[in-house]
Amino acid sequence: MANVTISSLSGPQKLALGWLSALVVAAIVAPYLPLPYPPAVPDLTQITQPPSGAAKHWLGTDPQGRDVLSNLLFGARTAVLLTLPAAVLAAGLGALAGGAAGFWGNSGRPALRYWLLGLTAGGWLLAGPPPTAGWVAALATLGGALVLATRRARPGWPFPLDSLVQGTATALDTVPRLVLVVALAAVAGEVSLLGLVTLFTLTSWPHPARLVQAQMLRVRALPFVEAARAAGMTEGRVWLYHALPHAVQPLRTVLPLSMAGLLSLESTLSFLGIGLPPDVASWGRSLAAVRYAPAAWWVFVFPAACLAITLMSLSSLTKQQANSR
Amino acid sequence: MRILKFVAAAGFFLLGNCSPRVPPTAIRIRWAHDPGTLDPLALPNQQAVDVANLLHCGLLQIDYDRQFYAPSLAESLPTVQLIGDSLTRLSYRLRAAAAWDDGHPVLAHDVAFTLKLMYFPGLPNEGTRAQYSFIRALRYDTNDARSFTLECRGQSPGFALSSGDFPILSEAAFDPQHQLRRISLAQLQDWPTTAPLDSSLATLAKRYLALTAGSRAGYLASCGPYQLTAWKKDRYLSFRRKAHWWADRLPNPPFVLRAQPRQLQFVIIPDAVTASLALQRGEVDLYPQMPAPEFDRLRHSSTTRAALNFYQATSYDIMYAGFNMRRPALADALTRQALSHLFDAAGLLRATQLGQGQRTVGLIHPSNRADYNDSLALVPYAPAKAAALLRQAGWQRGAGTDGGWQRRGSNGTTQFLHLQLRYRTGESAFEVIAFQFRAAAAQLGIPVVLQPTEAAVYTSSLQAGDFDVYVRVLKGNPFVFNFAPILHSRAIGAGNFPGFGTLASDRLIEAVAAADSPAHRARLLRRFQAMMQAEAPLVPLFFLANCIAARRELTGLHVTGIKPGYAISALERVEQPVPTP
């Protein structure tokens with residue numbers, strides 16, 4: 001497996017990396033930049049003004065009088081703060097679920113304490129008791145699990161982990177992700193940035209899970225895993241320290257693609273006016289503003305260009321990683 | 001064979017493109033939201049009022065040609081008799097031709113029944129009850145079943161008009177046993193809220209609610225010119241002209257009794273931009289209350305100018321913000337006054353209406369020179385003054401730039417000044433106002449959470465008091481000055497969204513409605529405007545211009561400032577000549 005270095009990148013890929021780096025830097029420093037106009041603050045004297053230096057609206061204003069440049073910079077911040085954590089968390093969740101499903105299949109026999117923890121967590125999630133009761137139950141179960149952990153763990157009943165993970169992933173995949181997220185956002189009402197990260201994570205883990213599960217099926221049969229077992233390591237340690245690090249390798253390739261997909265999804269949601277609060281800047285929301293002034297090209301072109309360049313950059317890096325593997 | 005099929009298909013295609021398009025029969029009008037209910041007693045919004053005017057008739061109705069009230073079911077405007085110094089008698093006579101769908105004549109008993117329903121316990125009549133509380137009794141003419149006299153408390157000259165502006169309902173349809181005749185109007189008006197109904201009255205209430213539930217209200221026996229043919233909630237309402245309407249038998253029907261369109265369809269399109277596209281594509285024929293920037297854009301576009309006509313008139317629709325006075329933080333006038341200074345009304349008028357509108361100190365239009373209180377100053381945009389007023393109201397700002405405002409409440413609890421601003425989605429103007437207020441409040445360290453709300457649930461959210469600040473358009477008219485449905489304490493939970501109402505304000509509102517002369521009413525209205533500015537339950541921002549765009553083939557709009565801004569029943573579609581190549 002070859003390592004990816006700056007020198008191994010092609011010219012366009014270097015540009016892509018430069019753009020993405022600039023985006024991350026812009027996202028970090030946006031609140032500290034000396035912008036003449038903050039985002040989500042209308043300039044009532046400059047509604048739908050084209051780009052010009054007259055009123056320091058360098059990229060113009062939208063039909064609500066908001067500065068396009070500020071919206072772009074803070075939209076980049078939203079994109080980074082939303083898609084990067086959501087993609088990483090979805091990859092992490094998918095890796096754990098897919099890795100476990102691939103390693104143990106349907107024949108794993110978790111110890112009693114894990115059954116106890118799993119049943120309590122599942123019951124809590126499904127029944128939705130009041131938070132206090134849930135916490136009390138969770139703490140009591142955790143205590144019980146710790147007590148059981150001091151004794152010698154006895155294998156419990158076989159658990160169909162692979163079927164559960166595959167079934168849940170298939171169930172999530174049967175509904176288009178946009179429809180699923182729109183439905184969940186509609187049920188939740190207006191969602192915060194953190195809420196949207198959670199929503200994206202919970203709806204995006206199946207793809208990484210499938211990749212890791214498939215890779216794990218190959219890895220678990222390799223000699224070094226057998227050697228670790230023969231050395232007397234527990235199944236959990238073999239999985240965590242030896243098998244999983246090898247099984248998650250494909251995620252390095254799909255992470256940029258996953259981010260691109262989430263960025264598109266966030267932009268679509270914002271364009272439709274669903275999800276983030278209206279005062280949170282977003283490229284999708286900026287694009288939607290052109291409906292009120294179809295002749296204002298600057299309201300459409302700048303956020304569309306940012307979105308397109310970012311998606312192409314992520315796609316370009318994915319190709320590089322795929323080639324290097 | 002394949003060649004034959006191809007030729008046939010091509011022929012159909014060519015014929016389809018050469019032959020003139022058959023215009024749809026229904027006149028399609030854009031509505032921003034669904035009326036929600038067709039109950040003629042509830043009438044929670046202008047859409048519901050428009051439906052009621054199609055399905056039912058009032059004693060009087062607005063003549064959009066003359067822009068004044070004209071007799072509809074009544075033969076003429078009422079004769080007015082002043083009794084002593086506090087009573088007015090209004091004598092009406094119903095038209096001999098006026099009849100229900102089954103051919104039975106409309107009689108004084110139907111009018112009495114309708115008035116009693118306005119006070120009947122358990123019915124959704126809070127709004128109408130507040131509006132018509134000046135009518136205390138209806139006296140029948142023993143010699144003529146079509147004549148009656150309304151006894152009104154007070155001597156307002158406006159009574160002659162407002163006493164006839166409500167839909168008359170059929171007694172036979174709701175109360176075939178005449179159960180309500182044994183109870184007088186005064187008895188119902190004084191009915192204790194906790195007093196139970198006897199079984200026959202309870203049955204009547206249930207029957208009314210059952211008959212007016214959902215779309216059933218659209219199929220009631222009525223005396224209006226149209227009948228409902230379809231109501232798909234949040235999509236459209238369709239109406240068909242009755243084939244045998246009683247007014248068609250009049251030799252020379254007046255303007256208010258003419259109903260031109262054979263079919264009407266109100267298409268619900270919440271989003272203003274989508275509605276504009278629908279108009280341009282010919283999917284709707286009429287777009288009333290078009291946002292000023294879109295109106296201006298279409299008017300100056302060569303492509304749309306050829307297909308559309310544009311109309312503009314002064315309107316009595318006012319853009320305003322309101323505060324939820326039930327919230328402890330907003331319960332005192334000083335805090336509300338302070339927050340009023342955070343709305344940049346002048347800038348908002350320029351930005352959202354391109355300056356086409358008029359600022360105001362209150363709910364009276366500035367063009368009404370007699371009643372408008374010109375001694376009051378317009379509330380300026382002044383964040384510094386807002387901060388000073390907040391301190392005066394006992395608020396203290398926390399340390400640091402992000403420090404919020406807090407104060408000790410009367411019960412010893414700490415109150416925090418953070419606000420939730422609710423507005424209807426789909427219109428840019430509401431968004432701009434919300435953003436501007438939020439930005440101004442943020443400068444002072446007051447956090448404001450924006451709550452864009454779908455039209456379908458917006459009014460119910462306001463009625464439930466689920467907001468701190470809201471932005472809305474209030475539709476008014478130049479004839480009647482009865483603010484009871486929106487600001488009287490009796491209307492809290494219905495149309496009085498801020499929850500405003502003190503003994504003094506209730507009395508003043510009642511006095512305005514009952515003022516015995518224009519001069520007296522003007523004095524009271526000026527006091528009312530001063531009181532509203534001091535109490536600040538609402539922040540009147542500006543009056544809007546009535547901008548209407550319609551397809552060129554639509555005529556007879558009679559565009560006016562009186563709501564809904566055009567004459568629905570006078571609309572006509574005139575075939576445009578097909579241009580020859």
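I take helices (H or I, at least four residues) and strands (E, at least two) as DSSP runs, numbered from the N terminus.

I am working on a predicted model, where local features need pLDDT of at least 70, side-chain atom pairs count only at pLDDT 80 or more, and totals for chains, interfaces and linings use all residues. Residues are numbered from 1 along each chain as its sequence is written, chains are lettered from A and ligands numbered from 1 in the order in which they are written, and side-chain values use heavy atoms, with hydrogens and water left out.

**Chain A, record.** I looked up the UniProt entry, which is unreviewed. The entry puts "transmembrane region" at residues 15–33, 79–104, 111–127, 133–150, 178–202 and 295–317 of chain A. UniProt positions follow the numbering used here, feature names are shortened, and annotations may be inferred rather than shown by experiment.

I then checked two of these spans in the model. Residues 79–104 of chain A are 100% helix and 0% strand, with end C-alpha atoms 37 Å apart. Residues 295–317 of chain A come out at 91% helix and 0% strand, and their end C-alpha atoms lie 35 Å apart.

**Chain A, backbone.** Thr48(A) has a positive phi, near 50°, and is not glycine. I find Thr48(A) in the loop between helix H1 (11–29) and helix H2 (68–104) of chain A. For exposure I use relative accessible area: buried is under 20%, exposed over 50%, partly exposed in between (1.4 Å probe, protein chains only). Thr48(A) is at 23%, so it is partly exposed.

**Chain B, overall.** I count 19 helices and 22 strands in chain B. The C-alpha box along the principal axes is roughly 85 × 75 × 45 Å. Buried residues are 55% of the 581 in chain B.

I also looked at contacts (heavy atoms within 4.5 Å). Of those in chain B between residues at least 6 apart in sequence, 69% join residues at least 24 apart.

**Chain B, one loop.** Which residues does a cis peptide bond join? I find Lys563(B) and Pro564(B), with omega about 5°. Pro564(B) sits in the loop between strand S21 (554–555) and strand S22 (572–573) of chain B. His558(B) is also placed in the loop between S21 and S22. Phi of His558(B) is positive, near 50°, in a residue other than glycine. With 28% relative accessibility, His558(B) counts as partly exposed.
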